[in-house]
Amino acid sequence: MIDRRNITIASYTNLRYKPDNFTFVGVLSACSQAGLLDLGRLYFRSMVQDYAISPDLQHYGCMANLLGRAGLFDEAEALILNMEMKPDGAIWGSLLGACRVHKRVELGESVAKRLLELEPENPGVYVLLSNIYAGAGRWDDVARIRTFLNKKGMKKVPGCSPIEVDRVVHEFLVSDKVHHRCKEIYDMLDEVDMLLEKAGFVPDTSEVLQDMDEEWKEGALSHHSEKLAIAFGLISTKPGTTIRIVKNLRVCGNCHSATKLISKIFNREIIARDRNRFHHFKDGSCSCNDYW
């Protein structure tokens, strides 16, 4: 019997299976999600050299994201500019996201310009660029982008985190105070923040896009929609019960770090599905290994 756990792409041929275009999209996407740089390069090269498959936009997109997240911007740009087809918004968007992660302001501006040529009405481009400026402390530029978005009537999609308890879906927005158990939720948030502080957790305020003092920034982070949903889950389910939430946007770095510690403090498994992937928090760790 064949042990399928040890099957690699290179061994498909021996099993009378031949990887196709879609196989490599899945493999390269997995490498990109997991940050497997060397393996991603190996499979991309194998796709072209061993199987004579010409890369398409999806393959290039996976590699651009993988290289950008690894901080290899020169290699990522060379890959994009040497493509046989014109790069689409998704590819430039991946590189812009990597610029946010690595705080590359000038390159981020250049990439955003290219992206806006393709998608001039996409507010997400301006939001990402605003994130980059905020990370660099360039609050005048943050304000300039916000003013521009307001004049254009373009709005950022608000963060939203649903959670299902006893077959009822409860939906939370940032700083939400309309839930009928609002006081209990915020009391639990206060307890969570106190326990996080005792455990040595220091909020990362770099992702807060307002030029405000640190105390207010920490309060803004504490009231993110996913934190509210988790707090509701803590007061609404039995100890030890797995908490499952959804986030319509990418979970921020601060909430990700806090949720890891919450899972350990309260001895809860927390499963969160954000825009990018599933996160399984358990005993102070996350299944994504902090790469998302």
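**View 1. Glutamate 226 and lysine 247 pair up in a salt bridge, with their closest N and O atoms 2.8 Å apart.** The pair ties together distant parts of the chain, 21 residues apart: glutamate 226 belongs to helix 11 (residues 225-236), while lysine 247 is in the loop between strand 3 (243-246) and helix 12 (253-265). A quick note on the model: it is a predicted one, where local features need pLDDT of at least 70, side-chain atom pairs count only at pLDDT 80 or more, and totals for chains, interfaces and linings use all residues. Residues are numbered from 1 along each chain as its sequence is written, and side-chain values use heavy atoms, leaving out hydrogens and water. To count as a salt bridge, a side-chain nitrogen of Lys or Arg must be within 4 Å of a carboxyl oxygen of Asp or Glu. Helices (H or I, at least four residues) and strands (E, at least two) are DSSP runs, numbered from the N terminus. Glutamate 226 counts as buried because its relative accessibility is 2%, and lysine 247 is buried too, at 10%. Here buried means under 20% relative accessible area, exposed means over 50%, and partly exposed is in between (1.4 Å probe, protein chains only).

View 2. Arginine 138 bridges to aspartate 141, with 2.7 Å between the closest N and O atoms. Aspartate 141 also meets arginine 144 in a salt bridge (3.2 Å, N to O). Arginine 144 and aspartate 141 sit 3 residues apart in helix 8 (residues 139-152), so about one helical turn separates them. Aspartate 141 is buried at 16% relative accessibility, whereas arginine 138 is partly exposed at 32%. Arginine 144 is partly exposed as well, with a relative accessible area of 45%. In total, the structure holds 11 salt bridges.

**View 3. The largest cavity has a volume of about 50 Å³.** Searching the whole structure turns up 1 cavity of 30 Å³ or more. A cavity is a set of points, on a 1 Å grid over the protein atoms alone, where a 1.4 Å probe fits but cannot get out; lining residues have an atom within 4 Å of a point. The volume is the space filled by probe spheres set on the points, which are joined across faces, edges and corners. Among the residues lining the largest cavity are Glu226 and Lys247, the salt-bridge partners from View 1. Other lining residues include Ile230, Val251 and Phe281.

Notes. On a 1 Å grid over the protein atoms alone, a cavity is a set of points where a 1.4 Å probe fits but cannot get out, and a pocket is an open set with protein on both sides within 12 Å along at least five of seven lines; lining residues have an atom within 4 Å of a point.
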